[in-house]
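This briefing concerns aromatic rings and the charged groups placed over them. Please consult the sequence and the structure shown here alongside the points that follow.

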Amino acid sequence: MTGRLLLLAQVCFFLAAAGATGRSCRGKQATFRRTHRDEAQQRTGVSRVQRDVTPRSSITCHLALAEQERKVLDDNTHETAFHGDDGSTFTLSWVGDGTGVILVLSTVNVPSGFNFEGRSSRLYRSGDYGKTFHDISSVMNNRFVKQEFGIVTGPGNSHQVILTVDVPVSEENGGVIFSSVDAGMSFKEVQLPFHPSQPISFHFSNASYLVAIGTDSAMWLSTDFGNSWRKVHEGVQSYMWGPGITLFLSSSPRGTVDADRRGELLLRRSQDLGETFTTIAQRIFSFGYIGGFLFTSVMEKLGEPRIIYVSSNLGDSFNRAQLPSATKEQFYSVLDGDEDMIFMHVDDPGDTNFGTIYTSDDRGVVYSKSLERHLFGAEGKSDFTNITSLRGVYLTNVLEKDGRIRTVISFDRGGEWRLLNKPNNTECGHNIKKCNLHIHGEYSHVKGLAPVLPLSDPSAVGLIIAHGSLGDSITSVPPDVYVSSDGGYTWTRTLRGSHHYAILDSGGLLVAVEARGDRLVSVVKFSTDEGQCWKIYNFTEQPIFLAGLASEPGTKTLNISIWGYRTEENFKTTWVTVTIDFEHLLTRECEDEDYEEWLAHSDMGLDSETRGCILGYRETFKRLKKLSVCRNGRNYVVAREESPCLCTREDYLCDYGYYRHENSSECVEQLDFRDQALDVCLNGEENEIVTSGYRKIPGDRCKGGFTPPRRMKTVGKHCGKLKADPLESETVIVLAVVCVAAVTVLITAMLLIAKKMLCTRRIPEYRFSALQLQEDDECITVGPLPVVNGNGQSYHGDSDSDEDLIE
């Protein structure tokens, strides 16, 4: 497998429930599917399924639903059955913010390049948050739209929508789109001068600007919402929008074949909507733009490992990132980033399925080791999660030397990682020496152990809801649902068994439906106290096979839609959606007395001067009391106050060439860097880092206190510089192979994704650790993995198990 630059992308994730797979995300789309396996299960088992309005699993606290509450919910529960529609995939798209408009495209899965003649897609529209739907398929003139192209909606509150019709490439006139400027009330058919090879993408702020790649690899651009198009570049491999109207692309030089495989692509930039392009780097494998940083992966000389160059000025100049180089068996992955700092995963050599996380300085050039043995599966899946409900919090999973998978969390942007605390309302078995909570992320989701990923939102301060396992590691036992109200410091088991869940009303309401495999469901659970207690409501008289939950992007809404299907006569499948509006149940608007002050990160710091201090300042929020039953409302804005903190060692990362000693905040020099000058190349000149081992965390705002000296001095030597002019030097032929996955354009400004499995053609299985002697026969045992020597960042575990810490 060749190395490549993977970039964090805002893409939807797949759901797996009731034998169905679906897709859900915090963006503007959600997709639900049923499979042939689902239909077979229904044919063999539906006659034996009995209606069951009580949940199989027990609940931490069960409150009875009052008769008046039941009546209110009955009056505000709306069920729609899509009779006569045998589509295998339903794709939902929300149009605008707070408009209540949802478009649903029903289609069938068709292999790429296959012409499904005589088949048309179905299109439905709702203007009331999914309470009612109207069939508007006639606007597409009985044309077929592939699910992979689907519906594309404009940014922000734009009412603009595009449907891309599946037209055979043999059609000389080109492809066809249907465009709408009134949120799907009407559509206009537009003939394209090319055949799109992927979904058309909107500019992230101006819905009139559209970009598409044709089947001939040419880039096309429209500035009038698709009414007219012009070809702006040939031989395009991938592209991304930058700030403003800046456009980046990688392209093959004229006359070259498989330039992407040999690392001979050109990186080009346009700042005038494609009128002119400038080559800003040459002989690259791949590139990505995130958080104001432009990355590119290159091989400087034939046969040498690839390295990363980074630019913080849109490609005017590049500097070599101080990261380990990557051989053809390794890869890089940008896990997360903003204008202050980048989280970069660097794959370890060999088929280890783990690597090391590094964090950058504010220029993206100097990196510090943050976490070793970070799990990154062969499927190209990482469990790295940004907890958006609390500043500075990230959690992920590590693959231990004994093959176990454990969850670690950082409250200071990767400065220190630790195991999660055991929930107060749970106990481990007697044979479990280390009892911690472990969170199921993307890796478990791919393996079918967790139907949805961990969920958080900035408007629901401190709130996290996730699936977890209790013990010394993640297990193959079906997970339970856990909730944290303080950003991950403490957790509570709130529901037994797997569920689909959603956060509504800025955290004032939680909703969950049990994921019951191939069994029918008919009840929904909801909580107004962050999962401490739940009420149960029977949302339908005819149970359904659950496909997933869908709600308007963000957490402001009080509407939730439950999607699924049921088998009718002659085993025909009917898609069903049930939308519940809780607005009439939570009728009282929250008042000042319903909120309380809460100091975030109050577990950090042992004295009054440092308590709550993270990244140089503390934050006090006003948030809803758990016992207050009211609604925050759509206009709710999080209220907070900030106060500065003195600097301590916790405000610093260990500098390049240093690591944080186990169970200590002290930074120690790495053995392989001892007595060596720490040099970096900046703008073509060599600079020496003069440091005592500490580098302030980017974005940290502390003042005074601990202030270790650090400076850079110019050595005066010229050093390597990424060439931009393809004629400057003789062409270097790079005999390497790079696998790059297609760019996902479900939303604007999409980032490049590549999957390790596409290159290696291998899908190794891990055996999830046994909990209480329960085995998983479907997994194979993996012996102890090779030990990687290093002095990297460790996480703090139990005091009696130091031998199991990362070394």
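Rings of Phe, Tyr and Trp (its six-membered ring) count as a pair if their centres lie within 6.5 Å. The model is predicted, and by this rule it holds 27 aromatic pairs. One aromatic cluster is formed by Phe-82, Phe-90, Tyr-124, Phe-133, Phe-545, Trp-563, Tyr-565 and Trp-575.

**Phe-194 and Trp-220**

- The ring centres of Phe-194 and Trp-220 are 4.9 Å apart and the planes meet at 15°, so this pair is stacked; planes under 30 degrees apart count as such.
- Phe-194 belongs to the loop between strand S13 (188–191) and strand S14 (201–202), while Trp-220 is in strand S16 (residues 219–222), so the pair ties together parts 26 residues apart in sequence.
- Phe-194 is buried, its relative accessible area being 4%.
- Trp-220 also counts as buried, at 9% relative accessibility.

**Phe-411 and Tyr-489**

- Phe-411 and Tyr-489 form a stacked aromatic pair, with 3.7 Å from centre to centre and 5° between the planes.
- This pair links distant parts of the chain, 78 residues apart: Phe-411 is in the loop between strand S31 (405–410) and strand S32 (417–419), and Tyr-489 is in the loop between strand S35 (480–484) and strand S36 (492–495).
- Phe-411 and Tyr-489 are both buried.

**Charges over rings**

- Arg-373 places its charged end over the ring of Phe-354, 4.1 Å from the ring centre.
- Over the face of Tyr-617 lies Arg-391, at 3.7 Å from the ring centre.

Conventions:
Residues numbered from 1 in each chain as written. Predicted model: local features only at pLDDT ≥ 70, side-chain atom pairs only at ≥ 80, totals over all residues. Heavy atoms only, no water. Phe/Tyr/Trp six-rings, centres within 6.5 Å; stacked < 30°, edge-to-face > 60°. Helix = DSSP H or I, 4+ residues; strand = E, 2+ residues; numbered from the N terminus. Buried < 20%, exposed > 50% of the residue type's maximum accessible area, 1.4 Å probe, protein only. Lys NZ or Arg CZ within 6 Å of the ring centre and 35° of its normal.
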